[in-house]
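Q: I would like to learn how to read charged side-chain pairs in a protein model. Could you take me through them with an example?

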Amino acid sequence: AHLDQAQPTGTLTLRLPVRQPSGFAGVFGHLAATAVPGCEEVRDGAFRRVLRLPHGTGIVELTPAADHVRCVLALEDFRDLTVAVARCRRLLDLDADPEAVDAALAADDALAPLVRKSPGQRIPRTVDENEFAVRAILGQQVSTTAARTHAGRLVAAYGPAVEDPGGGLTHGFPSMTELTQLDPSRLAIPATRKRSLQALIQTLADGDVILDAGSDWNDARQRLLELPGIGPWTAEIIAMRGLGDPDAFPASDLGLRSSARNVGLPDGPRALAESSARWRPWRSYATQYLWT
């Protein structure tokens with residue numbers, strides 16, 4: 001009962017257990033490559049980011065080790081501890097079943113060498129599904145660097161300021177309600193993408209589409225595809241990395257197609273989608289292996 005009162009600010013260090021095998025270089029490399037300035041950073045081998053939690057903000061620092069991830073949480077309110085840990089586990093896909101995934105995918109001649117080389121791949125996920133959807137739209141047809149720059153501008157302009165004595169974090173990622181104030185002229189992106197972004201933000205802010213850990217993956221895809229500027233690639237990326245569908249497959253992804261070609265798979269989106277059927281229900285992990 002004492003946890004219902006506001007708890008004092010403080011820092012806590014936890015070990016988040018990881019099932020073996022764990023190919024964490026892929027996830028941490030991805031998080032580093034896509035870190036949004038102001039909201040996320042890599043410092044001294046740790047991935048650090050701002051968390052917006054039910055009772056306040058927090059800053060988390062995640063460092064991979066052999067059989068666990070070291071998690072240092074600075075929370076404004078300790079009532080947020082359980083939620084913060086659950087989000088970190090989701091971000092790093094810690095509840096995956098690597099033995100089942102790897103056994104299934106290693107049975108495929110094309111993927112077997114990739115699984116042997118770096119077993120236990122996890123999918124870089126998200127601490128906030130709405131944030132991820134916004135970032136997926138900002139990432140359409142641009143480089144990772146450009147996507148980070150656009151997201152960094154939104155963070156600086158609309159996110160809440162945070163104190164980070166131990167690093168360089170300055171803001172939380174803005175909520176959808178905060179982003180409804182967005183002045184589209186502040187973003188150097190094409191007009192069609194601005195319309196798409198605004199439609200997504202409004203829909204999420206109004207609660208017409210709910211993206212969270214409990215979402216029905218197929219229903220969420222259908223609702224997203226109804227929005228302007230969201231096609232199958234964006235919907236699959238959001239299902240895979242935002243919602244945690246283990247069987248998403250962004251068949252038109254250029255990186256995926258070029259990796260497929262390298263391992264002797266068909267690289268036309270339709271043919272690739274057809275040959276991906278044999279990786280069900282783990283096509284998200286097949287995608288991650290091909291990307292890695």
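A: Let us begin with one residue in this predicted model: R48 has a relative accessible area of 4%, so R48 counts as buried, since buried means under 20%.

Q: Which side chain meets R48 in a salt bridge at 2.6 Å?

A: That partner is E41, and the 2.6 Å runs from N to O. E41 is buried as well, because its relative accessibility is 14%.

Q: Which parts of the chain does the pair of R48 and D164 tie together?

A: A salt bridge joins the side chains of R48 and D164, with 2.8 Å from N to O. R48 belongs to strand 3 (residues 46–53), whereas D164 sits in the loop between helix 6 (144–158) and helix 7 (176–179), so the pair ties together parts that are 116 residues apart in sequence. D164, with 11% relative accessibility, also counts as buried.

Q: How many salt bridges does the count come to?

A: With a side-chain nitrogen of Lys or Arg required within 4 Å of a carboxyl oxygen of Asp or Glu, the count comes to 21 salt bridges.

How values were computed: Residues are numbered from 1 along each chain as its sequence is written. This is a predicted model: local features need pLDDT of at least 70, side-chain atom pairs count only at pLDDT 80 or more; totals for chains, interfaces and linings use all residues. Side-chain values use heavy atoms; hydrogens and water are left out. Buried means under 20% relative accessible area, exposed over 50%, partly exposed in between (1.4 Å probe, protein chains only). Helices (H or I, at least four residues) and strands (E, at least two) are DSSP runs, numbered from the N terminus.
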